[in-house]
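Reader: I would like to learn how to read ring pairs in a protein model. Could you take me through the general idea and then the case shown here?

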Amino acid sequence: MEEGKSGEKKKVMVAIDESENSNYALEWTLEKLRDTIADSDVIVFTAQPKFDLGSVYASTLGAVPVGLITSLQENQKKIASLLLDKAKDKCAKYGIVAETVKEIGDPKYAICEAVEKLNIELLVLGSHNRGPVQRAFLGSVSNYCVNNAKCPVLVVKIPAV
(Lines give C-alpha, C1' and ligand atoms only; values in the text may rest on other atoms or scores of the structure.)
Protein backbone atom coordinates (compact mmCIF):
# COMPACT_ATOMS: atom_id res chain seq x y z
CA MET A 1 0.00 0.00 0.00
CA GLU A 2 1.22 3.51 -0.73
CA GLU A 3 2.06 6.11 1.82
CA GLY A 4 -0.70 8.47 2.87
CA LYS A 5 -0.71 12.18 2.06
CA SER A 6 1.13 13.04 5.28
CA GLY A 7 3.89 10.52 4.54
CA GLU A 8 2.60 8.05 7.11
CA LYS A 9 2.45 4.38 6.29
CA LYS A 10 -0.93 2.85 5.53
CA LYS A 11 -2.37 0.79 8.37
CA VAL A 12 -3.79 -2.68 7.84
CA MET A 13 -5.47 -4.57 10.68
CA VAL A 14 -6.14 -8.29 10.76
CA ALA A 15 -8.65 -9.20 13.46
CA ILE A 16 -8.23 -12.70 14.85
CA ASP A 17 -9.69 -15.08 17.40
CA GLU A 18 -8.98 -18.71 18.26
CA SER A 19 -10.89 -20.11 15.26
CA GLU A 20 -9.56 -21.95 12.23
CA ASN A 21 -11.32 -19.35 10.04
CA SER A 22 -9.40 -16.56 11.68
CA ASN A 23 -6.10 -18.38 11.30
CA TYR A 24 -6.89 -18.97 7.62
CA ALA A 25 -7.65 -15.26 7.10
CA LEU A 26 -4.27 -14.29 8.59
CA GLU A 27 -2.41 -16.88 6.49
CA TRP A 28 -4.31 -15.83 3.35
CA THR A 29 -3.48 -12.17 3.97
CA LEU A 30 0.20 -12.90 4.48
CA GLU A 31 0.41 -15.08 1.37
CA LYS A 32 -1.80 -13.16 -1.07
CA LEU A 33 -1.25 -9.58 0.07
CA ARG A 34 2.39 -9.77 1.21
CA ASP A 35 3.67 -7.40 -1.48
CA THR A 36 0.76 -5.02 -0.92
CA ILE A 37 1.18 -4.82 2.86
CA ALA A 38 4.99 -5.07 3.03
CA ASP A 39 5.37 -1.29 3.43
CA SER A 40 2.33 -0.90 5.67
CA ASP A 41 1.93 -0.90 9.42
CA VAL A 42 0.32 -4.29 10.09
CA ILE A 43 -1.67 -4.67 13.28
CA VAL A 44 -2.94 -8.02 14.50
CA PHE A 45 -5.90 -7.44 16.78
CA THR A 46 -7.91 -9.64 19.09
CA ALA A 47 -10.86 -8.86 21.32
CA GLN A 48 -11.62 -11.10 24.24
CA PRO A 49 -15.29 -11.03 25.26
CA LYS A 50 -16.01 -9.70 28.73
CA PHE A 51 -16.26 -12.47 31.28
CA ASP A 52 -19.84 -13.61 31.93
CA LEU A 53 -19.90 -13.37 35.70
CA GLY A 54 -23.58 -14.36 35.77
CA SER A 55 -22.76 -17.95 34.88
CA VAL A 56 -19.91 -18.01 37.41
CA TYR A 57 -22.24 -16.78 40.14
CA ALA A 58 -24.90 -19.31 39.18
CA SER A 59 -22.44 -22.20 39.12
CA THR A 60 -21.16 -21.33 42.59
CA LEU A 61 -24.61 -20.56 44.02
CA GLY A 62 -23.72 -16.90 44.38
CA ALA A 63 -20.64 -17.45 46.55
CA VAL A 64 -17.82 -16.72 44.12
CA PRO A 65 -14.37 -16.67 45.64
CA VAL A 66 -12.54 -13.49 44.59
CA GLY A 67 -9.53 -15.59 43.62
CA LEU A 68 -11.61 -17.56 41.12
CA ILE A 69 -12.67 -14.47 39.19
CA THR A 70 -9.12 -13.12 39.17
CA SER A 71 -7.79 -16.49 38.02
CA LEU A 72 -10.33 -16.73 35.18
CA GLN A 73 -9.54 -13.20 34.00
CA GLU A 74 -5.78 -13.82 34.12
CA ASN A 75 -6.20 -17.04 32.16
CA GLN A 76 -8.20 -15.17 29.50
CA LYS A 77 -5.40 -12.58 29.18
CA LYS A 78 -2.77 -15.33 28.83
CA ILE A 79 -4.76 -17.01 26.05
CA ALA A 80 -5.06 -13.69 24.18
CA SER A 81 -1.32 -13.04 24.57
CA LEU A 82 -0.40 -16.50 23.31
CA LEU A 83 -2.75 -16.09 20.34
CA LEU A 84 -1.15 -12.77 19.41
CA ASP A 85 2.40 -14.07 19.92
CA LYS A 86 1.68 -16.96 17.57
CA ALA A 87 0.21 -14.58 14.98
CA LYS A 88 3.21 -12.23 15.28
CA ASP A 89 5.58 -15.17 14.71
CA LYS A 90 3.55 -16.19 11.66
CA CYS A 91 3.86 -12.66 10.26
CA ALA A 92 7.62 -12.68 10.86
CA LYS A 93 7.95 -15.84 8.73
CA TYR A 94 6.62 -13.76 5.83
CA GLY A 95 8.95 -10.86 6.58
CA ILE A 96 6.15 -8.76 8.07
CA VAL A 97 6.78 -6.98 11.36
CA ALA A 98 3.40 -6.78 13.05
CA GLU A 99 2.19 -4.87 16.05
CA THR A 100 -0.32 -6.63 18.30
CA VAL A 101 -3.30 -5.14 20.11
CA LYS A 102 -5.76 -6.81 22.47
CA GLU A 103 -8.93 -5.41 23.93
CA ILE A 104 -11.64 -6.69 26.23
CA GLY A 105 -15.22 -6.45 25.00
CA ASP A 106 -17.67 -7.61 22.38
CA PRO A 107 -15.46 -8.34 19.35
CA LYS A 108 -17.65 -6.60 16.75
CA TYR A 109 -17.71 -3.34 18.70
CA ALA A 110 -14.08 -3.57 19.80
CA ILE A 111 -12.89 -4.15 16.22
CA CYS A 112 -14.81 -1.17 14.85
CA GLU A 113 -13.64 1.06 17.70
CA ALA A 114 -10.01 0.01 17.09
CA VAL A 115 -10.36 0.74 13.36
CA GLU A 116 -11.39 4.28 14.17
CA LYS A 117 -8.93 4.84 17.04
CA LEU A 118 -5.93 3.46 15.11
CA ASN A 119 -6.87 5.07 11.75
CA ILE A 120 -6.94 1.70 9.99
CA GLU A 121 -7.26 1.83 6.20
CA LEU A 122 -7.99 -1.86 5.56
CA LEU A 123 -9.58 -4.37 7.93
CA VAL A 124 -9.19 -8.10 7.25
CA LEU A 125 -11.13 -10.75 9.13
CA GLY A 126 -12.30 -14.32 8.71
CA SER A 127 -15.82 -15.57 8.29
CA HIS A 128 -17.26 -18.31 10.47
CA ASN A 129 -19.57 -19.37 7.62
CA ARG A 130 -22.62 -19.42 9.86
CA GLY A 131 -25.97 -20.07 8.29
CA PRO A 132 -28.82 -17.55 8.49
CA VAL A 133 -30.32 -19.08 11.65
CA GLN A 134 -27.03 -19.03 13.57
CA ARG A 135 -26.34 -15.48 12.38
CA ALA A 136 -29.77 -14.41 13.62
CA PHE A 137 -29.15 -15.78 17.11
CA LEU A 138 -25.40 -15.34 17.50
CA GLY A 139 -24.84 -12.34 15.27
CA SER A 140 -22.03 -12.01 12.80
CA VAL A 141 -18.88 -10.11 13.62
CA SER A 142 -17.87 -9.90 9.96
CA ASN A 143 -21.32 -8.67 8.89
CA TYR A 144 -21.33 -6.03 11.61
CA CYS A 145 -17.83 -4.85 10.65
CA VAL A 146 -18.65 -4.73 6.92
CA ASN A 147 -21.56 -2.43 7.72
CA ASN A 148 -20.02 -0.33 10.50
CA ALA A 149 -16.21 -0.15 10.21
CA LYS A 150 -14.91 3.23 8.98
CA CYS A 151 -12.66 1.60 6.35
CA PRO A 152 -12.82 -1.03 3.60
CA VAL A 153 -13.30 -4.55 4.99
CA LEU A 154 -11.97 -7.74 3.43
CA VAL A 155 -13.75 -10.89 4.66
CA VAL A 156 -11.76 -14.07 3.96
CA LYS A 157 -13.66 -17.34 3.81
CA ILE A 158 -12.20 -20.83 3.82
CA PRO A 159 -12.95 -22.26 0.37
CA ALA A 160 -15.60 -24.97 0.21
CA VAL A 161 -14.19 -28.41 -0.45
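Author: Rings of Phe, Tyr and Trp (its six-membered ring) pair if their centres lie within 6.5 Å; planes under 30 degrees apart count as stacked, over 60 as edge-to-face and the rest as tilted. This is a predicted model, in which local features need pLDDT of at least 70 and side-chain atom pairs count only at pLDDT 80 or more, while totals for chains, interfaces and linings use all residues. Residues are numbered from 1 along each chain as its sequence is written, and side-chain values use heavy atoms, with hydrogens and water left out.

Reader: How many aromatic pairs does a search of the whole structure find?

Author: The search finds 1 aromatic pair. Its partners are Y109 and Y144, arranged edge-to-face, with 5.1 Å from centre to centre and 85° between the planes.

Reader: Which parts of the chain does the pair link?

Author: Helices (H or I, at least four residues) and strands (E, at least two) are DSSP runs, numbered from the N terminus. Y109 lies in helix α5 (residues 107-117) and Y144 in helix α7 (residues 141-148), so the pair links distant parts of the chain, 35 residues apart. The protein chain has 7 helices and 5 strands.

Reader: Are Y109 and Y144 buried, exposed or partly exposed?

Author: Buried means under 20% relative accessible area, exposed over 50%, and partly exposed in between (1.4 Å probe, protein chains only). Y109 is partly exposed because its relative accessible area is 39%, and Y144 also counts as partly exposed, at 24%. Of the 161 residues of the protein chain, 37% count as buried.
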